[in-house]
Amino acid sequence: MAGPNIGTWVKVKGVGTKLISNKDGGRNYTQGQTITQSEFQDLRQKRAERLQGDKALPYIDNGESANPARKTKREPGDTPSKPVSRDWGPPSVRDAKLRDLYTKASSDKERSRLIRSYIKDNETTLRPIEAKHGMKDPEEMVSVKFGGIELHYPLGVAGRKNATTVLQEMLQDNYSQALIKHTSSVYLSNQRNKNDDYWEKTYNIPNFRSAATGGKGSVVFYNGRIQPGALVHEMGHNLAGSVYGSSTPPPNSIYAKVYAKEKRVSVYSEKSGSIGEDFADAVKLYHKQPKEFRKNHPLKYQVIDNLIKTGKEWQPKNAKTAKPLMVGITASPTT
Ligand SMILES: [Zn+2]
């Protein structure tokens, strides 16, 4: 990790980065001094800016030197969209500020840069995160809060890129608070789901590889990748978990009744043969393609719509039953 003008630093696991020699720069720091990963990243960013003028790469990958070759991929005249630090104010106003700026932004590039600035400016330092869901081992991650969700991801270009994708999806789709309140944490893991073998057998889908899992108020993405639409699907599992006490709507639930009447909402639901997956994909369609969902699955649409708006199940209006039925959040689980 030697640099032309920041000295020589080594990463100390769980602690940060330690200056082992300030012979070649790094004179603002005392030899042997330890700083956080985030502070070290800032230091490297500043070095990169000094070396390359103001057109530094948006992010400096952790442990890797800046790769100026990447810049040649840009089209001539294309300005690098560098995240610009800004004052986001106290935590209570940051969400609203990003939403406001995002709405006013005039291009995709500007929107993406805003989110990246938000992430960069509000990111915590690196710390070990215990294994969640199908993660086999703990993983070092940084975190950023947005829209009532704490997002955890590995430090580096790929981690921030994935975090940007997640926030972008949240901003674009404008998920309701009624849905978000059932999910408090999202983890973007580089690991493969250790339970893939189990799901392969359970769902009878050969070579099954989980993109993400939901449950217990959190969502985990695997393989260092973000699959579009997976977040809201997993949030759907968490919604089911709160409403039914299980991600599987029980036989006495209204969803189970309309599930028996209407066709499956997706190929994935059909293949898995699982009412829980049908419910999660219904929540996804409700947010991503509401018109088509309403047209093709009017009963399921009403049940999901009521759940999102009231937190309770209601009998669809065109059903024969006169009285609306409700399944409160204390409904007993069957699995
Ligand atoms: Zn699922």
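A residue counts as buried here if 20 or more other C-beta atoms lie within 10 Å of its own, as exposed if 12 or fewer do, and as partly exposed in between, with C-beta atoms placed from the backbone. The model is predicted: local features need pLDDT of at least 70, side-chain atom pairs count only at pLDDT 80 or more, and totals for chains, interfaces and linings use all residues. Residue numbers start from 1 along each chain as its sequence is written.

**Figure 1. The whole chain, with its confidence.** The protein chain comes to 12 helices and nine strands; helices (H or I, at least four residues) and strands (E, at least two) are DSSP runs numbered from the N terminus. Of the 335 residues, 34% are buried. The average pLDDT, the predictor's confidence in each residue from 0 to 100, is 80, and 79% of the residues score at least 70. Please take care with two stretches: pLDDT stays under 50 over residues 48-78, where the model has 30 contacts beyond four places in sequence, and also over residues 321-335, where there are 35 such contacts. Two residues are in contact if their C-beta atoms, placed from the backbone, lie within 7 Å.

**Figure 2. Helices H2 and H3.** Which residues of H3 are buried? They are Leu-114, Ile-115, Arg-116, Ser-117, Tyr-118, Ile-119 and Lys-120. Their cover includes H2, strand E5 (139-146) and H4. H3 (residues 108-122) has 15 residues and reaches 21 Å from its first C-alpha to its last, close to the 21 Å expected at 1.5 Å a residue; the expected span is 1.5 Å times one less than the number of residues.

**Figure 3. Where H10 meets H12.** The axes of H10 (residues 275-288) and H12 (residues 298-310) come within 10 Å and cross at roughly 80 degrees. That makes H10 roughly perpendicular to H12, a label for angles of 65 to 115 degrees, while angles under 35 count as roughly parallel, over 145 as roughly antiparallel and the rest as oblique. Axes are lines fitted to C-alpha atoms, for helices over the stretch in contact, and angles run from 0 to 180 degrees between N-to-C directions. On the H10 side you will find Ala-282, Val-283 and Tyr-286, which meet Lys-300, Tyr-301, Ile-304 and Ile-308 of H12. These residues divide into six nonpolar, no polar and one charged. Nonpolar covers Ala, Val, Leu, Ile, Met, Phe, Trp, Tyr, Cys and Pro, charged covers Asp, Glu, Lys and Arg, and the others, Gly among them, count as polar.

**Figure 4. Lys-194 in its loop.** Lys-194 is found between strand E7 (185-188) and helix H6 (196-203). With 15 other C-beta atoms within 10 Å, Lys-194 is partly exposed. Leaving aside residues up to four places away in sequence, Lys-194 touches Gly-134 and Lys-136. The C-alpha atoms of Lys-194 and Ser-210 are separated by 9.4 Å, and the two residues are 16 residues apart along the chain.

**Figure 5. Two asparagines with positive phi.** Asn-174 has a phi of about 50 degrees although it is not a glycine, and its place is the loop between H4 (157-173) and H5 (177-180). Is Asn-174 buried or exposed? Asn-174 is exposed, with 9 other C-beta atoms within 10 Å. Asn-223 has a phi near 65 degrees and is found in the loop between strand E9 (218-221) and helix H7 (230-244). Asn-223 is partly exposed, with 16 other C-beta atoms within 10 Å.
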